Each structure stands twice: as structure tokens, then as C-alpha cells.
Number of protein chains: 2
Amino acid sequence: MNADAKKTVLRMIPYGLYVLTCDDGKGNISAATVNWVTQTAFAPPLVVVGVKTDSHAYQHIKDSKTFALNMLGKDQKGLAFTFFKPAQVADGEISGQPYKKGMTGAPILTDAPGAVECRVTAVVEQGDHHIIVGEVVEAHLNKPPAGRPDAAILEMKELGDKVFYGG
Amino acid sequence: MNADAKKTVLRMIPYGLYVLTCDDGKGNISAATVNWVTQTAFAPPLVVVGVKTDSHAYQHIKDSKTFALNMLGKDQKGLAFTFFKPAQVADGEISGQPYKKGMTGAPILTDAPGAVECRVTAVVEQGDHHIIVGEVVEAHLNKPPAGRPDAAILEMKELGDKVFYGG
């Protein structure tokens, strides 16, 4: 396989940007920018997230079997970079962002346009990131979109000409 | 859970469009437009596809444990609709599209800008679509993109104001 061809073709997959949040129920909160996300079923509503196995988020999700995906809005480019770094919880905020506790316990970023909360139904332990499968059990529409919902999300290609995560 | 909020938030996830192809090794070829796709690992390179369980493609992939994802280009909107319908193989073409046999046996649409071939490493049998996990074993860059690769792919939101598959 030609490594350059593989990289270029895989980078054709378009991605939105999400803050993956979790509360492990033992006082530990994680929040990390991710982009490897897709829905995979309507009934029940399932989503998949690729999560780095050496991350705090991965361990917390394995422990609590819950997580939230907070959709970033077009105007939240700064937050995508903020949550590339380890989350800091202080004064009722995560890395300076207000949040509320969701029904699964996962933090919901109230300034994000929307979020879904999930219960883990499977983990595929393959690769340097594992595949977390979650059933959507709650949804938060903090800011209803004016047009198509998929026109409201911040996309990877908007982070910079040379910014990719994939390939 | 509020069903409308769940639908709207899940529809914030942006999607590209792909023709999922498979040759089951017994003379049966399938080709179907799909959009529930994400990479999930770098090493090895893994991708996930949500595939409808009552589709020909699903059965062929379960049998052969191989598939290809053909990325559709910005100018291939017609093909997205063509492959919403069952594939017709005739005169060395699939539904009028030229193709070649890939190393896994899966048909590679030579007019698509790129394709990856995969071997199935896991199937998560949950929901009305199951989660097919594939390791990328071959890549075809038929038309190198001029700019960012993810600016070259046809996106769901370009199919029409009311066209969605998700929510």
C-alpha cells in the first residue's frame, strides 16, 4: 500500500469537531476535542467515537460507561484548541467553560449549540484508538440552528489549512 | 429524551458520501451509497461504516469480510442518487460506472477521486444498521485533490436542502 495515497484518501473524510466529556463518578472529569465520530444506527440511536487509549477520557469512559458529545459551533474555533489540552476544572467551569451535569453525569457545555449523552453499549479494542459505541439517551439543543444543523457545526477544515486528524 | 432535539443534534454531524462496494467471491457484486463513515485509528488504519442489515452490501461484506469505500467527488452528485438504488452489473460496469477489481476483490470505481479497500476486523451487531470495522489494506488515489482532500468530497448537505441520513 502506498502510504501517501492512503493518507490522502482517508483525509477526504470530512469531520466536525466535538468536545467529548465524561465524569467517572469518582470526582474525575475529562473534556477533550475529538473528530472521529459518526452515527451508526437509527433504532436505537447509536454513535461511534474513536478515542485515544492513553487519554484520560478513554479511562473515564471505560469506568463510567457514559459520555457526552458536545457539538462545537462555527464561532467556537478557540474552544477546539482549548480542549486539545488537558481539561482544568475550577470555579464550576471546565477550562473556562460553563457546564451543567447531564442525566448520565457527563458535563454538558452550555455554550455549545448541542450535545448528546450516551451509554456505552460496546468497545472495540482494536488500534491505537479504540471504538466506543454509545446509545444516545439524552439530547440538549442549547442553540437551535437557523438552517441545516450540519451547516452549524465547526469543521476540521476550518481550523487551518494544515490541520488534519486522520490519514 | 426529546425526539426533535435528538434528531436536530445528531444531524449536526457532517457527512461525506461514499459508494460502499463488495464482491462476495461468489459472483455477487454490491454497490450502495453510504454516509455513516469515520476513521477510528491510525495504527493500524481502521475505519467504521454503519451498514443497513437488510441490504445486499451487508450480506456480501459478512460473507467476504472485505469491502471498498469509494469517495464521491464534488461533481458526482448524480452518482450518489444512482447508488441509492440497487446496483446493476452489465457490460463490465456497475450501474453505468467503470470499475476495476481491487486487491481484495472489491470493485473500485475508477471515476471516483479515491477509494480505500478494507478487511473486516469486527462487526458490532447492534441497531438497525450494524457497525462494520475495517482495516485499510489498499488505497487508490484516482484523482489527486488540488487543495485539502476533505474539500474534494461530495457532502450530504450538497444533495439538497431537505436531504439527511441521520438523526
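1. With which residue does A:Glu155 form a salt bridge, and how far apart are the closest N and O atoms? The partner is A:Lys157, with the closest N and O atoms 4.0 Å apart; a salt bridge here is a side-chain nitrogen of Lys or Arg within 4 Å of a carboxyl oxygen of Asp or Glu. A:Glu155 is buried, at a relative accessible area of 4%, whereas A:Lys157 is partly exposed at 24%. These classes use a 1.4 Å probe and protein chains only: buried means under 20% relative accessible area, exposed over 50%, and partly exposed in between.

2. Basis of the values. The model is predicted, so that local features need pLDDT of at least 70 and side-chain atom pairs count only at pLDDT 80 or more, while totals for chains, interfaces and linings use all residues. Residues are numbered from 1 along each chain as its sequence is written, chains are lettered from A and ligands numbered from 1 in the order in which they are written, and side-chain values use heavy atoms, with hydrogens and water left out.

3. Salt bridges between the chains. The rule finds two salt bridges across the interface of chain B and chain A. A:Glu155 also meets B:Lys157 in a salt bridge, at 3.0 Å from N to O. A network of salt bridges links A:Lys74, A:Glu155, A:Lys157 and A:Glu158 with B:Lys74, B:Glu155, B:Lys157 and B:Glu158.

4. Extent of the interface. In chain B, 65 residues are in contact (heavy atoms within 4.5 Å) with 65 residues of chain A. The buried area, that is, the accessible area (1.4 Å probe) that two parts lose on being put together, summed over both, is about 5,500 Å², and carbon and sulfur atoms give 69% of this area. B:Met12, B:Phe42 and B:Arg148 supply 14% of what chain B buries against chain A, more than any other three residues.

5. Polar contacts and composition. Between chain B and chain A, 22 residue pairs are in polar contact, both residues being at pLDDT 80 or more. A polar contact is a pair of N or O atoms within 3.5 Å; within protein, one must be able to donate a hydrogen and the other to accept it, and residues adjacent in sequence count only if both atoms are side-chain atoms. The largest share of the side of chain B that touches chain A, nine residues, comes from E11(B); strands (E, at least two residues) are DSSP runs, numbered from the N terminus.

6. Nonpolar cores. A nonpolar core is a set of buried Ala, Val, Leu, Ile, Met, Phe, Trp, Tyr and Cys residues joined through side-chain atoms within 4.5 Å. The largest has 42 residues, and A:Tyr18, A:Leu20, A:Val49, A:Phe67, A:Leu69 and A:Val116 have the most contacts inside it. Apart from this core lies another, of 41 residues, among them A:Trp36, A:Leu154, B:Ile61 and B:Ala139. Beyond its neighbours within four places in sequence, A:Leu69 touches residues including A:Tyr18, A:Leu20, A:Val49 and A:Val116.

7. Other salt bridges. Over all chains, the count is 18 salt bridges. In one of them, A:Lys101 meets A:Asp23 at 3.6 Å, N to O. This pair links distant parts of the chain, with A:Lys101 in strand E8 (residues 97-101) and A:Asp23 in strand E1 (residues 18-23), 78 residues apart. A:Lys101 is exposed at 61% relative accessibility, but A:Asp23 is buried at 14%. A:Asp54 and A:Lys52 form a salt bridge with their closest N and O atoms 3.1 Å apart; A:Asp54 is exposed at 59%, and A:Lys52 is partly exposed at 37%.

How values were computed: Helices (H or I, at least four residues) and strands (E, at least two) are DSSP runs, numbered from the N terminus.
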